[in-house]
Amino acid sequence: MTKLIIIMLSAVFVNNYVLSRFLGICPFLGVSKKLNQAVGMSVAVIFVMLLATAATYPVQMYLLNPNNLGYLQTIVFILVIATLVQLVEIVLKRYIPSLHKSLGVYLPLITTNCAVLGVTILNITEGYTFAEAMVNSLGSGLGFFLAMVMFSGVRSRLEGADIPKAFQGLPITLVAASITSLSFLGFSGVVENLFA
């Protein structure tokens, strides 16, 4: 149980896929302008991360590894993730059309979101059991959610700020993202020391 808590907290704070590993930067910069879009995208990413892990872990363990097809991992995982994203898109379009419309082009981008692929591959690389992989995926999704919501707040504050002309637009967004990323460095070592 302690190991699962460490995996969860590490995935959210220490090894945050957006702010520490720099995976999933496209939606982080593209969808974080408005809080409702950031939350919608984050919930969709959490859902896809959990589904992708639940689907890819057995594929790796029971299909690829026994048949010495580990070299196909990336291709197979991308196909599984693309299929899952299409299912999520169909469900959102059918049952929550307003969220589907607000996410726009960014919803299909979950397919190419390297954070989702990174989670599924790193679950295998780290040697996690199925339960540990699911906890890591949930923690990674919650870390993505935290990063998106935090950065959405930062960007809303930037809109009302007096920014020099040279820094307006993308430059100040990147500076703000780097400072937000630096804030997570303080969590290094804290999680492990809590349970030492």
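## Leu103 in helix α5

Leu103 sits in helix α5; helices here are DSSP runs (H or I, at least four residues), with strands (E) needing at least two, and both are numbered from the N terminus. This is a predicted model, where local features need pLDDT of at least 70, side-chain atom pairs count only at pLDDT 80 or more, and totals for chains, interfaces and linings use all residues. Residues are numbered from 1 along each chain as its sequence is written, and side-chain values use heavy atoms, with hydrogens and water left out.

At 1% relative accessibility, Leu103 is buried (buried is under 20% relative accessible area, exposed is over 50%, partly exposed is in between, using a 1.4 Å probe and protein chains only). So what does Leu103 touch, once neighbours within four places in sequence are set aside? Its contacts are Val31, Gln37, Gly40, Met41 and Leu92, where contact means heavy atoms within 4.5 Å. Gly139 is another matter: 36 residues away along the chain, its C-alpha is separated from that of Leu103 by 23 Å.

Ignoring neighbours within four places in sequence, His100 is in contact with Glu89, Leu92, Lys93 and Leu107. Leu92 therefore turns up in the contact lists of both His100 and Leu103, going by that heavy-atom cut-off of 4.5 Å.

With Glu89 there is a polar contact too, side chain to side chain, at 3.5 Å. The term covers a pair of N or O atoms within 3.5 Å; within protein, one must be able to donate a hydrogen and the other to accept it, and residues adjacent in sequence count only if both atoms are side-chain atoms.

## The salt bridge

Side chains of opposite charge can pair when their charged atoms come close. The structure holds 1 salt bridge, meaning a side-chain nitrogen of Lys or Arg within 4 Å of a carboxyl oxygen of Asp or Glu. The partners are Lys3 and Glu132, at 3.3 Å from N to O. Lys3 belongs to helix α1 (residues 2-14) and Glu132 to helix α7 (residues 130-159), so the pair ties together parts 129 residues apart in sequence.

Lys3 is partly exposed at 48%, whereas Glu132 is buried at 11%.

## Around Ile96

Ile96 lies in the loop between α4 (73-95) and α5 (97-103), and is partly exposed, at 39% relative accessible area.
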